[in-house]
Amino acid sequence: MRFMLVRTAVSITALAGIAGCATSVKSSAAPATTDIVITQKSGPANLVLTFNTDSADGAVMVAIFNSAESYNAGKPIKGVRVPMSSTSQTERLENLAAGSYAIRAFHDVNEDGVLNTNPFGAPVEPFAFSRGAKPRFGPPNWDDASIELVPGENAETLNFQQ
């Protein structure tokens, strides 16, 4: 949708008449000019994800959530596997509905399809969350990781840590 500019000229006497004033208002000033800018934009949201990691091996596994409930339950609305060919790579996701999302990702260096952990359950492969949210004895909460997508282009960078 395009930006729209509407220009109107309103005289003081016209405003007085609309408001129901019985008295006449006279002014020698030029009619007032008002600019109204309508910037409403609608349509799908696109998201460009940038992955920064230490290795070009394997693939990045991405889980996308659109609510706190799905995030807390570990049930993404979309999953994406991105083969890595460099230590900084982008992936474009198109036609998402505008709204709140959170992203969890891990760099599957050995390409076994799972986030490998040590005997205590701590990840041994690099991982990242949207908004750079940091885990505290588990994944960060929805409020720390959620981002707002607006119609049009959006971008998020995931810096992987281990």
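**Asking what the labels mean**

Author: pLDDT is the predictor's confidence in each residue, from 0 to 100, and contact means heavy atoms within 4.5 Å. This is a predicted model, where local features need pLDDT of at least 70, side-chain atom pairs count only at pLDDT 80 or more, and totals for chains, interfaces and linings use all residues. Residues are numbered from 1 along each chain as its sequence is written, and side-chain values use heavy atoms, with hydrogens and water left out.

Reader: What is the average pLDDT of the chain?

Author: The average is 81, and 75% of the residues score at least 70.

Reader: How many helices and strands are there?

Author: Three helices and 10 strands. Both are DSSP runs numbered from the N terminus: helices are H or I with at least four residues, strands are E with at least two.

Reader: Why does F65 count as buried?

Author: Buried means under 20% relative accessible area, exposed over 50%, partly exposed in between (1.4 Å probe, protein chains only). F65 comes in at 2%, so it counts as buried. Y71 has 1% relative accessibility, so that one is buried too. Across the chain, 32% of the 162 residues get the label.

Reader: Why is the pair of F65 and Y71 called edge-to-face?

Author: Rings of Phe, Tyr and Trp (its six-membered ring) pair if their centres lie within 6.5 Å; planes under 30 degrees apart count as stacked, over 60 as edge-to-face and the rest as tilted. For F65 and Y71 the centres are 5.3 Å apart and the planes at 85°, so edge-to-face it is.

Reader: And what makes Y71 and W142 edge-to-face?

Author: Their ring centres are 5.9 Å apart and their planes stand at 65°, so this pair is edge-to-face. It links distant parts of the chain: Y71 is in helix α2 (residues 68-73) and W142 in helix α3 (residues 142-145), 71 residues apart. Together, F65, Y71 and W142 form one aromatic cluster.

Reader: What sits over the ring of Y71?

Author: The charged end of R104, 4.1 Å from the ring's centre. A charge sits over a ring if NZ of Lys or CZ of Arg is within 6 Å of the ring centre and within 35 degrees of the ring normal.
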